[in-house]
Amino acid sequence: MTTALRKNRKKRGHVSAGHGRVGKHRKHPSGRGNAGGQHHHRIWFDKYHPGYFGKVGMRHFHFKKNVVHKPTCNVSQLTNMIPETDAASAKVPVVDLTSKGVFKLLGKGFIARPIIVKARFISRIAEKKLKASGGACVVSA
């Protein structure tokens, strides 16, 4: 914003420039940033940010994210993952989920045609639905 458009231009000549004579416009009267969260701003922190301070749970040293990395997909999404070459043929298609970056197959939804699925993890319900449709599950490392 240009200087000519600033509010302070209209305040020229007026002693306190709209900040009052008694209270005075001081730099940081209540501290900078999150200062005073456990002291003079405690009511505000408790009201608008409950649970901000403190700890919860157990510590896990050297937490490795790749160990718990397990992307999932549902049975209902399997028909979209069938390769186009196998989709038209009469053979039972093989879908390798691990190559698509999916580690676990879950059992939500329905499956109409038999499919052979390769995955690292397959839930009990997903396995039941696959076998009911005439397909098979192959658990690969």
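This is a predicted model: local features need pLDDT of at least 70, side-chain atom pairs count only at pLDDT 80 or more; totals for chains, interfaces and linings use all residues.
Local features need pLDDT of at least 70 and side-chain atom pairs count only at pLDDT 80 or more, while totals for chains, interfaces and linings use all residues. Residues are numbered from 1 along each chain as its sequence is written, and side-chain values use heavy atoms, with hydrogens and water left out.

Start with the sheet. It is open, with 3 strands in the order β2-β4-β6 and parallel pairing. The edge strands are β2 (94-96) and β6 (136-139), each of which pairs on one side only. Neighbouring strands are turned by 20° against each other on average, direction ignored. Those angles are taken between N-to-C directions and run from 0 to 180 degrees, with axes as lines fitted to C-alpha atoms, for helices over the stretch in contact. Strands (E, at least two residues) and helices (H or I, at least four) are DSSP runs, numbered from the N terminus. Two strands pair if DSSP finds at least two bridges between them. Strands of a sheet pair through backbone hydrogen bonds, either parallel or antiparallel. Here β4 and β6 pair in the parallel sense over 4 bridges. Ile-116 stands opposite Ala-136 in β6.

Now look at Val-117. This residue lies in strand β4 (residues 116-119). Val-117 counts as buried because its relative accessibility is 0%. Buried means under 20% relative accessible area, exposed over 50%, partly exposed in between (1.4 Å probe, protein chains only). Leaving out residues up to four places away in sequence, Val-117 touches Leu-78, Val-95, Leu-97, Leu-105, Ile-122, Leu-130, Ala-136, Cys-137 and Val-138. A contact means heavy atoms within 4.5 Å. Ile-82 is 35 residues from Val-117 along the chain, and their C-alpha atoms are separated by 10.0 Å.

Phe-63, Val-67 and Val-68 make a nonpolar patch of about 310 Å². Patches are made of residues with over 30% relative accessible area and no salt bridge; like charges are joined within 9 Å, nonpolar side chains (Val, Leu, Ile, Met, Phe, Trp, Tyr) within 5 Å. A salt bridge is a side-chain nitrogen of Lys or Arg within 4 Å of a carboxyl oxygen of Asp or Glu. Accessible areas come from the Shrake-Rupley method with a 1.4 Å probe; for residues, only the protein chains shown count as cover. Val-67 sits in helix α3 (residues 65-68). Val-67 counts as exposed because its relative accessibility is 60%.

Two loop residues remain. Most residues other than glycine have a negative phi. His-62, in the loop between α2 and α3, has a positive phi near 50°. His-62 is exposed, with a relative accessible area of 65%. Ala-17, in the loop between α1 (8-11) and α2 (42-48), also has a positive phi near 50°. Ala-17 counts as partly exposed, at 25% relative accessibility.
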